[in-house]
Amino acid sequence: MIDQRTAVTDHATPPPKDSVLRAVEEAIAGLDYGSIVITVHGARVVQLDVTRRRRFAD
C-alpha cells in the first residue's frame, strides 16, 4: 500500500529556509520505508513529495 502526500508552496514568496528544513525533518521522522522527493525551481524548494510504503510479513 502506498500513501503519497504532496505539499506545494506559494511560488510568489519563497518559504523560509528553516520551515523547509523542518518539513524535511518531519518527513524523515515519520517514514519507515519510502522516499522523499524535493523539487527545486530557480534554486528554491517549491515542493516536497513523500511516498510512504507499508510492508507486511508473509
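Contact here means heavy atoms within 4.5 Å.

**Figure 1. The whole chain, a predicted model, with its elements in the order β-α-β-β.** Start with the overview: there is one helix and there are three strands, and from the N terminus on they come as β-α-β-β. If you take the contacts between residues at least 6 apart in sequence, 52% of them join residues at least 24 apart. Of the 58 residues in the chain, 16% count as buried. The chain exposes about 4700 Å², and carbon and sulfur atoms supply 54% of that area.

**Figure 2. A look at the largest nonpolar core.** Five residues make up this core: Val24, Ala27, Leu31, Leu48 and Val50. Which elements give two or more residues to the core? They are α1, spanning 17–29, and β3, spanning 44–53.

**Figure 3. Helix α1 and its buried side.** With 13 residues, α1 reaches 18 Å from its first C-alpha to its last, close to the 18 Å expected at 1.5 Å a residue. Zoom in on Val20, Val24 and Ala27, which are the buried residues to look for in α1. These residues cover an arc of only 60° around the axis, so they sit on the same side of α1. As for partners, the buried residues of α1 pack against β2 (34–41) and β3.

**Figure 4. Alanine 43, in the loop between β2 and β3.** Is alanine 43 buried or exposed? Alanine 43 counts as exposed because its relative accessibility is 79%, and the cut-off for exposed is over 50%. Check the backbone here too: phi of alanine 43 is near 65°, a positive value in a residue other than glycine.

**Figure 5. Aspartate 49 in strand β3.** What does the side chain of aspartate 49 make a polar contact with? The partner is the side chain of glutamine 47, at 3.1 Å.

**Figure 6. Arginine 52, also in strand β3.** Arginine 52 has a relative accessible area of 23%, so this residue is partly exposed. Follow the side chain of arginine 52 and you'll see that it reaches the backbone oxygen of glycine 30 at 3.3 Å. Aspartate 32 belongs in this view as well: the C-alpha atoms of arginine 52 and aspartate 32 are separated by 7.7 Å, with the two residues 20 apart along the chain.

How values were computed:
Residues are numbered from 1 along each chain as its sequence is written. This is a predicted model: local features need pLDDT of at least 70, side-chain atom pairs count only at pLDDT 80 or more; totals for chains, interfaces and linings use all residues. Side-chain values use heavy atoms; hydrogens and water are left out. A nonpolar core is a set of buried Ala, Val, Leu, Ile, Met, Phe, Trp, Tyr and Cys residues joined through side-chain atoms within 4.5 Å. Buried means under 20% relative accessible area, exposed over 50%, partly exposed in between (1.4 Å probe, protein chains only). Helices (H or I, at least four residues) and strands (E, at least two) are DSSP runs, numbered from the N terminus. A polar contact is a pair of N or O atoms within 3.5 Å; within protein, one must be able to donate a hydrogen and the other to accept it, and residues adjacent in sequence count only if both atoms are side-chain atoms. Accessible areas come from the Shrake-Rupley method with a 1.4 Å probe; for residues, only the protein chains shown count as cover. The expected span of a helix is 1.5 Å times one less than its number of residues. The arc is that of the directions from the helix axis to the C-beta atoms.
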